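Here are my notes on this one, as numbered points. Have the viewer open while you read.

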Number of protein chains: 2
Amino acid sequence: MVHLAAESKTANHVAWTRVARLRSQMEMHGIEAAVCTKPEMFVIRGEHAQASAWTSSIRLFGSWSNIKTTAATWQEALGIILNELGVTRKRIGVEHGSISVTQYREIAETAPEADLVNISPCIDLCRQIKDVDEVDNARVAARIADVGMEAAVAALRQKGATERDVAIASMQAMNEYWATNYPEVEIADFGSPEGGNHNGLTTWVLSGPRKSYACDNPTPRAPKPGETVSVFIWTVSNGIHAELERTVCIGPASLTEKAAIKSVLEIREEIEAHLRPGIPVKALYETARNGYISRGYSQCLPGRIGHSIGLGSHESVSINGSSDLILTAGMVLTLEPHIHIFGVCGTQFSDTLLITEAGFEYLTHFPRQYLEVQ
Amino acid sequence: MVHLAAESKTANHVAWTRVARLRSQMEMHGIEAAVCTKPEMFVIRGEHAQASAWTSSIRLFGSWSNIKTTAATWQEALGIILNELGVTRKRIGVEHGSISVTQYREIAETAPEADLVNISPCIDLCRQIKDVDEVDNARVAARIADVGMEAAVAALRQKGATERDVAIASMQAMNEYWATNYPEVEIADFGSPEGGNHNGLTTWVLSGPRKSYACDNPTPRAPKPGETVSVFIWTVSNGIHAELERTVCIGPASLTEKAAIKSVLEIREEIEAHLRPGIPVKALYETARNGYISRGYSQCLPGRIGHSIGLGSHESVSINGSSDLILTAGMVLTLEPHIHIFGVCGTQFSDTLLITEAGFEYLTHFPRQYLEVQ
């Protein structure tokens with residue numbers, strides 16, 4: 001309840017520099033304590049939490065068989081802990097960006113004399129730069145995604161394979177690769193009050209006109225010759241996400257689709273030339289924008305061409321024209337300029353990459369090129 | 001954004017009685033409009049939304065290629081829509097239970113003259129009773145869960161099978177059963193700002209001492225003879241969840257484990273005798289409590305013995321000793337008294353059931369009994 005940055009289950013031994021960075025942010029803003037909550041799942045209890053977290057101070061609430069808890073409700077437990085910490089009249093940070101109005105009011109009632117301030121900006125700032133263990137996990141997630149894409153493309157080579165066949169084959173391949181190669185890695189994603197995500201290795205396949213749905217389950221539709229297919233892969237390693245997306249052509253694509261794919265791949269290369277610390281995020285969008293316009297795609301400019309990724313599959317950095325952020329080593333981003341003209345064509349290329357001191361490094365390695373099967 | 005109960009993708013033709021029920025709740029509280037939000041995923045856009053929702057009035061915001069949107073931001077779009085509806089000075093419902101403090105303040109700024117009230121209790125009340133299409137989907141989700149449990153038990157019969165082997169075999173079986181038998185069913189779960197859940201057919205397997213973790217990914221650990229294994233299965237059909245959990249014994253279990261399993265199965269039968277409309281929810285807990293105490297388990301009483309399930313895998317009804325709710329036909333609940341004595345024994349039996357006019361009906365059908373393999 002009251003513990004920050006305890007979500008990744010690996011590497012208790014690495015320097016938790018994000019905890020240090022958050023503490024320094026808190027100090028700068030005179031914040032003495034932070035109350036952070038997780039939606040619902042995954043509850044990590046008692047000894048399990050002890051084995052996983054960066055802190056040894058784990059306190060439980062509620063009624064769990066013969067386990068001793070601090071109090072019956074989280075409100076009571078929080079009141080006791082804040083009192084022990086001597087911060088009931090101090091400035092306490094609360095995540096306005098994610099906590100519900102109801103929970104906020106319950107915290108305010110629990111600590112009526114505290115000065116509750118919004119700590120979301122401090123946390124967002126810390127999450128922009130990844131620690132070593134987070135980058136390691138992004139690398140594992142990206143490697144699993146590569147395996148999933150290889151399996152998806154292999155499945156698309158099978159005559160009559162449906163969207164579901166391809167997605168299920170890809171997910172099975174990722175699960176087996178995970179089981180064989182990463183004994184210590186957890187692939188549970190985090191959850192929400194609407195349900196947890198117990199297995200975060202997933203593939204979606206949208207073929208032909210269904211590409212424009214962008215978010216949808218694979219259906220029993222089989223892609224037809226001449227169509228293109230969007231393959232979306234999302235993976236997670238110890239809570240850290242990666243994303244990999246490709247357009248696959250079933251036989252030669254139409255000239256319109258080919259032109260869009262060629263353009264997107266060129267625009268990506270133009271952006272790559274600017275991927276290094278010190279470059280404004282909006283300059284990446286401007287580069288893409290110029291690329292779209294000079295190739296005749298000014299009518300279908302996207303709202304953004306990528307985002308940060310980490311504990312969330314979409315974090316706070318948005319690569320758009322109004323961002324005031326600067327690229328910094330340690331940022332993990334997706335790069336994904338797309339061209340979707342509804343009813344005409346649709347491309348879907350996304351990779352996960354790391355901004356390094358020297359420039360950048362792709363974490364997903366599946367070939368970034370025109371890809372035709374059958 | 002402004003549309004309620006549009007989440008299930010099936011059965012546009014069925015009576016959306018939950019929409020009518022919510023409208024009547026709103027009328028009773030003088031609420032003229034409701035602003036409801038989804039965390040992040042799944043964005044259902046444009047034509048996809050038109051094809052799926054109960055309402056034909058879909059409005060978009062943001063920048064999506066050549067798609068026409070109402071405004072660049074959701075705040076602007078909301079302002080325009082509230083103005084069109086003529087409710088900018090009326091009482092508007094907002095979900096305090098799920099909306100973030102930041103979003104709440106943005107709505108308040110968008111509608112500064114409106115009287116924003118908490119509509120979460122009205123929505124929770126509506127969600128307690130399931131519509132016909134929701135029950136149909138719970139039935140599909142439960143059937144898929146049964147198939148997953150059959151596959152998990154079959155995998156546990158294989159010598160040397162690890163937790164991961166069992167979980168992956170179970171998920172593969174569910175995916176294939178879904179692909180073959182339910183062409184129209186979506187199994188994407190809903191998501192959170194931390195990531196979506198693109199495939200909601202999942203199995204967890206925790207063996208031996210790891211049972212006490214309750215929430216954890218399957219590991220490469222192989223269950224040992226004489227141990228018991230907790231198999232957790234969660235499924236979803238068009239947004240509606242089911243849950244199925246079993247304890248499986250690898251060869252004869254210890255007398256302690258056997259006694260706990262026998263006790264839990266007996267306690268369930270005692271509760272079943274009370275599962276009908278008109279019975280207070282807390283009476284179920286009292287029956288369980290008496291069952292625990294009379295069998296010598298007074299030291300490990302659980303906080304609750306089940307919960308409602310539907311759009312969320314854990315909804316607002318909690319089967320505990322302080323509930324003031326009454327069982328009503330149309331409620332979908334899990335029944336899951338467990339006995340966990342850490343370091344000693346742990347049982348895990350959960351089923352999804354429907355309260356009917358005549359009593360109740362189990363939606364999951366996998367045998368509810370002592371189960372031994374090998």
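1. Start with the open sheet in chain A of this predicted model: three strands in the order β1-β2-β3, paired in parallel. Strands here are DSSP runs of E, at least two residues, and helices are runs of H or I, at least four, numbered from the N terminus; two strands pair if DSSP finds at least two bridges between them. β1 (33–35) and β3 (115–118) of chain A are the edge strands with a single partner each, so one side of each has no neighbour in the sheet.

2. Strand β2 (residues 91–94) of chain A runs parallel to β3(A), joined by four bridges. Within that pairing, A:Ile92 has A:Leu116 as its bridge partner in β3(A).

3. UniProt, in an unreviewed entry, puts "domain: Creatinase N-terminal" at residues 62–129 of chain A; such annotations may be inferred rather than shown by experiment. That span is 46% helix and 12% strand, and its end C-alpha atoms are 35 Å apart.

4. The lining (residues with an atom within 4 Å of a point) has 14 residues, with A:Met171, A:Asn175, A:Asn199, B:Met171 and B:Asn175 nearest the centre. α7 (163–181) of chain A and α7 (163–181) of chain B each supply at least two of the lining residues.

5. Housekeeping: residues are numbered from 1 along each chain as written, and chains are lettered from A, ligands numbered from 1, in written order. Local features need pLDDT of at least 70 and side-chain atom pairs 80 or more, while totals for chains, interfaces and linings use all residues, and side-chain values use heavy atoms, without hydrogens or water.

Conventions
On a 1 Å grid over the protein atoms alone, a cavity is a set of points where a 1.4 Å probe fits but cannot get out, and a pocket is an open set with protein on both sides within 12 Å along at least five of seven lines; lining residues have an atom within 4 Å of a point.
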